[in-house]
Amino acid sequence: MGMYYSTQEVWTWWIAIYLFLGGLGGATVVTTCMTNMYVKEHKPLVLWGIVSSFVMLSLGSFLLFLHLLNKFNVIHVLNPMVLINKPDAWISWGTQFIVWMMVWSIIYALPYMLETPFFTKMPVIGTVLKLFAWLGNLSKKFHKLIGWLAVINSVGTVFYTGLLLQSFPAVALWHNPGVPLLFIVSAFSTSMAFLLLVLYLIVKREEDHALRVLYERTDVILIGVELLIIFVFFHYTTYGLESARYTAQILWNDMGWIIGFVGFGLIVPFLIELRGVTKGWGNPTPIVLAAIMVLSGGYLLRHYFMYAGVYERPYPAVNSNAHHAQLQPKTTLEPQG
Amino acid sequence: MANTPHYAMVIDLNTCVGCNACMAACAMENQTPVWKNQWRTYVHDMEIGKEGGEVRRRFLPRLCNHCDNPPCMSVCPTGATHKLDNGIVLVDDSLCMGCRACAMACPYDARLDMTNDDLEQGKGFYGELLHREHPSVDKCSFCAHRVMKGLKPACVETCVGFSRQFGDLNDPNDPVAKIVESGVAKPLMAHLGTRPNVYYISDLERAT
């Protein structure tokens with residue numbers, strides 16, 4: 001029988017945003033906490049990093065929540081017992097990682113928030129913060145422990161975004177060990193880019209020069225590794241299973257992928273940041289532009305991964321994938337009888 | 001576990017006439033959202049052969065494969081998708097939150113959305129007989145409610161060509177077990193490791 005190849009429209013841009021914000025938010029918490037604990041105590045970085053991550057994760061989770069068919073039943077995955085009842089489901093782990101990452105990271109940032117008039121004078125938030133002043137004091141006492149709890153859950157969040165896709169066996173592009181690795185590298189690269197934007201555009205402290213250079217260097221390495229992983233995926237899809245070959249056809253005939261993601265999302269910022277760490281730039285504009293490109297590329301990667309996952313079936317899609325673009329089998333794949 | 005049945009279905013593509021009675025029987029039995037062309041079981045009308053050569057028309061019924069290793073169950077975060085000891089994979093719609101991870105994981109396109117709008121529409125379509133209460137990501141249940149009463153699934157019961165046969169793989173005297181044991185019936189996409197329990201007898205290789 002000839003096989004039919006189709007992409008899906010069950011999880012589209014809104015899941016891509018969820019995966020992007022999950023990866024970015026998780027990696028940003030890891031980077032800010034580790035920086036604050038082991039590189040340099042940096043209150044503004046912690047505040048911007050953790051509060052932004054909280055907003056990102058809230059937004060991403062809200063998008064996912066909006067698309068649930070029975071929103072009330074989300075209670076089952078919010079209950080920590082889900083890890084005992086359904087340890088084989090990555091959404092169970094992901095939900096718990098996200099929830100506890102948000103909780104521990106906010107507790108980690110609480111002492112700094114209580115010292116910052118912007119937060120304490122804010123309506124509602126200021127009142128809530130005062131109510132939790134005792135928790136801020138406790139957090140100060142066990143700051144490193146709480147930092148590590150935030151880091152562990154954040155690493156879990158980042159890791160989960162890739163493992164979620166890997167758990168779908170019918171799609172060659174997703175069901176392979178490269179996906180979690182790619183998503184981890186991409187998440188940390190986007191977090192470096194985001195924090196560089198924070199340091200260059202908001203915090204703007206001369207004393208942070210060494211930290212900015214550290215982030216730029218790290219980002220260059222991460223983008224370089226990401227380029228290598230993308231090449232591995234190019235090879236895997238181009239010379240792999242038939243469904244993977246269709247994925248390659250989709251990706252490498254799409255200017256959004258080639259120019260948008262690979263070009264402006266990886267290669268151009270890689271070159272800009274490489275020049276920055278080797279010869280330096282006179283002003284922050286090139287690095288800011290590169291960081292914006294890396295962030296856009298981070299979203300595009302996930303968007304195209306959702307878009308280009310190809311299912312192989314002996315019949316056309318009908319049900320859950322009712323709106324699938326049915327890719328016509330090539331001549332060589334037509335039913336031969 | 002020797003006494004526990006292991007249910008499976010064999011579909012003989014040589015005798016399926018494409019009447020779609022199975023689709024209709026299933027829809028009425030299980031109250032699926034047919035108004036949006038979504039079905040627990042669906043019969044594909046396919047042309048087999050080369051352009052310019054001999055072309056034959058074949059019907060390919062498909063449904064949930066009630067896999068022994070169901071990826072839809074492992075990805076389900078609430079435990080709504082679960083497997084009975086008899087091999088039937090079910091969805092508990094009171095637990096399902098409708099994240100659709102199961103639809104993404106299923107290689108057989110067996111999942112369909114039953115939304116709140118569908119439940120409303122179902123009231124008009126199925127009238128007071130409507131027994132669906134919760135939105136969920138729905139699928140074939142091998143008519144477990146009928147099987148437990150000793151009946152066959154609605155699609156099997158209604159099949160005019162006896163194309164669909166339902167039986168117990170653990171009973172060596174069951175005709176379905178004998179067909180599967182003989183190797184004449186093959187599952188779809190077994191290479192994915194899902195161990196499906198719907199088997200097909202095909203003469204498609206003779207269609208040229």
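Two strands pair if DSSP finds at least two bridges between them, and strands here are DSSP runs (E, at least two residues), as helices are runs of H or I with at least four, numbered from the N terminus. The model is a predicted one, in which local features need pLDDT of at least 70 and side-chain atom pairs count only at pLDDT 80 or more, while totals for chains, interfaces and linings use all residues. Residues are numbered from 1 along each chain as its sequence is written, and chains are lettered from A and ligands numbered from 1 in the order in which they are written.

Begin in chain B by selecting residues 42-49, strand β2, and residues 55-62, strand β3, which run antiparallel and are joined by 8 bridges. Pick B:Ile48, whose bridge partner in β3(B) is B:Arg56, and then move to the 5 residues between the strands of this hairpin, where B:Gly52 takes a positive phi near 90°.

Next, select in chain A helix α5 (residues 90-114) and helix α9 (residues 143-166), whose axes come within 8 Å and cross at roughly 150°, the axes being lines fitted to C-alpha atoms over the stretch in contact and the angles running from 0 to 180 degrees between N-to-C directions. That makes α5(A) roughly antiparallel to α9(A), a term for angles over 145 degrees. Among the residues making the contact are A:Trp90 and A:Trp104 of α5(A) and A:His143 and A:Tyr160 of α9(A), where contact requires C-beta atoms, placed from the backbone, to lie within 7 Å.

Finally, show chains A and B together: the contact takes 35 residues from chain A and 43 residues from chain B. On the side of chain A that touches chain B, the largest share, 3 residues, comes from α5(A).

Conventions
Parallel < 35°, antiparallel > 145°, perpendicular 65-115°, else oblique. Contact = placed C-beta atoms within 7 Å.
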